[in-house]
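Reader: I have a structure to go through and would like to learn how to read its features. Where do we begin?

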Amino acid sequence: MTFSVDNIILIFAVLLTIGVMTAKFSSRLGLPSLVFFIAVGMVLSHYIYFDNAKLAQLFGVIALIIIIFDGGLQTKWTDVRKIIVPSSMLATIGVFVTTIIIGVFAKYVLGLTWLEGLLFGAIVGSTDAAAVFAVLGNKNIKKRLTSTLEAESGTNDPMAVFLTVTIIHLIGQPETGFFGLILRFFWEMGFGLAAGLLFGKLAVWAINKINLDSSGLYPVLSLAVAVLTYALTTAANASGLLAVYVMAVIVGNSDLTFRHSIIRFNEGLAWMMQILMFILLGLLVFPNQLVDIIWEGLLLSIILMIVARPAGVFLSMIASKFSVKEKLFISWAGLRGAVPIVLATYPMLAGLENSQLIFNVVFFVVLTSALLQGATLTPLANKLKLSESKKNSVPHSLELISIGRTNNEMVELEVGEGAAVSGKELKDIELPNDALITAVIRNEKLHTPRGETNIFSGDTLYILVSKKNREKIKAIFQGEGHEAAESSE
């Protein structure tokens, strides 16, 4: 079927609208939104013929860069730092163990060779952060559990990519040495980590130092650095996805100019890329082909959920202080999503004999994982007593508006525990001449600041201040006191 330009634009608009509406339904039903996006793509496959795996892979990789960048921006380092060891073990050893176990079963269930079976295991080895947290919704799960799942999901994709690409290489060149593969692994992860740190620092410096004509350009700049990070790191044969995630964590946890604009822009863009990517991947699947592999796909899905994933979790976290209940929850929260489907296009482009079979079964596994685990994740958290009845939400919202080309900006900060100003009235706090406190948030209520308003530790303040005095304001309200501020003059 051929389409005119106007028809393509209309289809694009309809797809985005349907995607937004289905995302709303998914949150109400407690299912990952990817289920509905994929379903839309599968329905459209009856009317639109699409079998371009190369285009799907290209768009998928671009979407993953944006999605991982958004995930890193919203990752709080203070939370992740406490669980960096168990999450790293999950992202490496956990993925490796899962790959081996499900790969062995795939060899016999699908009648594949040993390497093809392991390739299937590598493709479905990583979890999807967006799917997990979409299901958790407003449930107040223990912080270290959500932080562990968040860090694992952000860092296990590079391991899955490495294993997938390596196994495809071994299928084509079986004489490749084991020692060379080990060196390649450490190079990819090590250089990816270093590149992420370097580009993260560079991005923070550029965003804060470059005075752009419009505030709308700062989110574009941050995204440009993310894409550049991936491109240059991949060009060096290292893990671009790991570099992007590390870079994003540094940017997201730094003091930035137009921080809210950057985060909101990339959050919206990440949602749009998820919608389009899953619909496009849904178009790549022909529903009648899924019917032929129902029992194989269902069997491998069950094995992945109740055997391979739990084994990977318990073995990789054997030395951690997580309880058995917490490990069970982490095991069941291993939802599959975007990365496995994108990786499933790699064998197709490599021209492997059973690539279409692998793609169809991977697609089936992702769909059943999202449906079965997604629908039962929240009830399981309640059953294991790992969640409370309701998650407290912040009722206030402050839209930060660009101050044009001036040097002023709105700063959001929390009054620190050791701040010398804690307990004082605003009129008694010496502020820079150009600083204006516009709002005080305390106990989930917004207060209009006046001269006699007291400031206490834990208060969230919104302050209009010039860029040159940002650090001085932080010193006053975040624990260093007036002396630190005065010493910087």
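Reader: What volume does the second largest pocket have?

Author: This is a predicted model, and the volume computed for the second largest pocket is about 530 Å³. Of the 21 lining residues, I84, T155, L193, L242 and V246 are the closest to the centre of the pocket. Two or more lining residues come from each of α4 (77–80), α5 (84–109), α8 (143–155), α10 (178–209) and α12 (240–252).

Reader: How many residues of each class are in the lining of the second largest pocket?

Author: The lining of this pocket has 15 nonpolar and six polar residues, and no charged residues.

Reader: Turning to the strands, why is β6 described as largely enclosed?

Author: A residue counts as buried under 20% relative accessible area. In strand β6 (residues 460–466), six of the seven residues are buried, so the strand is largely enclosed by the rest of the structure.

Reader: Which strands pair with β6?

Author: Strand β3 (residues 408–414) pairs with β6 in the antiparallel sense through seven bridges; in that pairing, N408 has S466 as its bridge partner. Strand β4 (residues 436–442) also runs antiparallel to β6, joined by five bridges, with L436 opposite L464.

Reader: Now a single residue. Is S45 buried or exposed?

Author: The cut-off for buried is under 20%. S45 has 11% relative accessibility, so S45 counts as buried. S45 lies in the loop between α2 (33–44) and α3 (53–73).

Reader: What does S45 touch, and what does its side chain reach?

Author: Leaving out residues up to four places away in sequence, S45 touches G282, L283, V285 and P287. The S45 side chain reaches the backbone oxygen of M42 at 2.4 Å.

Note on methods:
Residues are numbered from 1 along each chain as its sequence is written. This is a predicted model: local features need pLDDT of at least 70, side-chain atom pairs count only at pLDDT 80 or more; totals for chains, interfaces and linings use all residues. Side-chain values use heavy atoms; hydrogens and water are left out. Buried means under 20% relative accessible area, exposed over 50%, partly exposed in between (1.4 Å probe, protein chains only). Helices (H or I, at least four residues) and strands (E, at least two) are DSSP runs, numbered from the N terminus. Two strands pair if DSSP finds at least two bridges between them. On a 1 Å grid over the protein atoms alone, a cavity is a set of points where a 1.4 Å probe fits but cannot get out, and a pocket is an open set with protein on both sides within 12 Å along at least five of seven lines; lining residues have an atom within 4 Å of a point. Grid points are joined across faces, edges and corners, and a volume is the space filled by probe spheres set on the points. Ala, Val, Leu, Ile, Met, Phe, Trp, Tyr, Cys and Pro count as nonpolar, Asp, Glu, Lys and Arg as charged, and the others, Gly among them, as polar. A polar contact is a pair of N or O atoms within 3.5 Å; within protein, one must be able to donate a hydrogen and the other to accept it, and residues adjacent in sequence count only if both atoms are side-chain atoms. Contact means heavy atoms within 4.5 Å.
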